[in-house]
Amino acid sequence: MKFTKLSDTDIRCVMSEQELFDNGLNLDDIMAKTDETKRFFRQLMDKAASKLGMDYGNGIHMASAQISVMEDRSISIVFHEANLEEALEHVTGGDPEKAQSLKNRIAEEVNAQKDSLPELPIDMKRELLDMMEEQLKMGGEGSVEALSEIRQLRAELDAQEANRNIIAELKAAMKKSFVVRFENLEEGRIYAKNCSSVSRINSTLYKFNEDEAYYLIIQHDVMPDRIYEGIRTLAYDFGDVVTLKAPAKQYLVENSEVLIENNAVEILKEL
């Protein structure tokens, strides 16, 4: 994990997907912000405070988290503490009684709704925020700060929705695969050597009992699309790329001898 102090109120934590798994969580857990996730976030904040020398009394504590999934599937979490006290002082002209009154109102009108937002569909959350905004606009003094809080909630929803879309696309990509048929093992070996730009490919090599040919099944897994499409196009030069529906692929697997079960392309390179 890598922690970076972005400002007095913002820090970023970047971790690998494996580090997330090692803590008993996955991407879905992080996006859903479950109780386990909240506990994990608190642990991250403790680590951040220790590594960055931050004082909770003057710096960040658990407030909001903006989560992003990067191209290499590492996870970036930016923790942000809204400097509410300074904002209240500005809005109320430094009047402590007005500041406290406004703070209580924000807690009632916004924070109570915020606690329930994760349990609702995103569209419904947006509708609730719209209703809250209309009520606050009619409420008079103090609405500027409350509206600012609502804008922050909307930004969090936008980030959450965007990341859910990214995760859905990644999951769909991981299910993709292609099958390439080789008449002999030498064809497969030469193909693998021409995939030298890829360090590791989720792949299995079979020998099909019915035609004595060799079949290499390559999974998209987490490799970038451009690499997946590149090695798929390359396969046409050294073998036959065959299109198999799920039942046919299952039949192939069940009636073949597994020659190399894991990382077949990398192993073929070394033959």
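**Figure 1. Overview of the predicted model.** The protein contains 11 helices and nine strands. It has 271 residues, and 37% of them count as buried. Its accessible surface is about 15400 Å². Carbon and sulfur atoms supply 48% of that surface. Among contacts with a separation of 6 or more, 68% link residues 24 or more positions apart. The whole structure holds seven salt bridges.

**Figure 2. A salt bridge joins Arg-73 to Glu-17.** Arg-73 sits in the loop between β3 (64-69) and β4 (75-80). The closest N and O atoms of the salt bridge are 2.5 Å apart. Glu-17 belongs to helix α1 (residues 17-22) and Arg-73 to the β3-β4 loop, so the pair ties together parts that are 56 residues apart in sequence. The side chains of Arg-73 and Glu-17 also count as a polar contact, at 2.5 Å. Arg-73 has 8% relative accessibility, and therefore counts as buried.

**Figure 3. Strand β2 pairs with β1 and with β4.** Strand β1 (residues 2-5) runs antiparallel to strand β2 (residues 10-15), over four bridges. The two strands form a hairpin, with four residues between them. Thr-4 has Arg-12 of β2 as its bridge partner. β2 also pairs with β4 in the antiparallel sense, here over six bridges. In that pairing, Arg-12 stands opposite Val-78 of β4.

**Figure 4. Leu-157 is a buried residue of helix α7.** The helix spans residues 143-174. Leu-157 has 5% relative accessibility; the cut-off for buried is under 20%. Gln-66 is 91 residues away along the chain. The C-alpha atoms of Leu-157 and Gln-66 are separated by 9.4 Å.

**Figure 5. Strand β5 is largely enclosed by the rest of the structure.** The strand covers residues 177-182. Why is it described as enclosed? Five of its six residues are buried. β5 runs antiparallel to strand β7 (residues 214-219), joined by six bridges. Val-180 stands opposite Leu-216 in β7. β5 also pairs with strand β8 (residues 240-242), again antiparallel, over three bridges. There, Val-179 stands opposite Val-242.

**Figure 6. Arg-181, Glu-183 and Asp-211 are linked in a network of salt bridges.** One of these salt bridges joins Arg-181 to Glu-183. Its closest N and O atoms are 2.8 Å apart. Arg-181 has a relative accessible area of 16%, so it is buried.

**Figure 7. Glu-212 has a positive phi.** Most residues other than glycine have a negative phi. Glu-212 is not a glycine, yet its phi is about 60°. It lies in the loop between β6 (203-208) and β7. Its relative accessible area is 46%, so Glu-212 is partly exposed.

**Figure 8. Asn-263 also has a positive phi.** The value is near 55°, in a residue other than glycine. Asn-263 is found in the loop between β9 (256-260) and α11 (264-270). Is this residue buried or partly exposed? At 12% relative accessibility, Asn-263 counts as buried.

**Figure 9. Lys-269 and Glu-266 form a salt bridge within helix α11.** Lys-269 counts as buried, at 11% relative accessibility. Glu-266 is partly exposed, with a relative accessible area of 25%.

**Figure 10. Four residues form a nonpolar patch on the surface: Leu-185, Leu-259, Ile-267 and Leu-271.** Together they have about 310 Å² of accessible area. Leu-185 is found in helix α8 (residues 185-193). With a relative accessible area of 33%, Leu-185 is partly exposed.

Note on methods:
Residues numbered from 1 in each chain as written. Predicted model: local features only at pLDDT ≥ 70, side-chain atom pairs only at ≥ 80, totals over all residues. Heavy atoms only, no water. Buried < 20%, exposed > 50% of the residue type's maximum accessible area, 1.4 Å probe, protein only. Polar contact = N/O pair within 3.5 Å; in protein donor to acceptor, adjacent residues only side chain to side chain. Contact = heavy atoms within 4.5 Å. Areas by Shrake-Rupley, 256 points an atom, 1.4 Å probe, with all protein chains shown as cover. Pairing = 2+ DSSP bridges. Patch = residues over 30% accessible without salt bridge, like charges linked within 9 Å, V, L, I, M, F, W, Y side chains within 5 Å. Salt bridge = Lys/Arg side-chain N within 4 Å of Asp/Glu carboxyl O.
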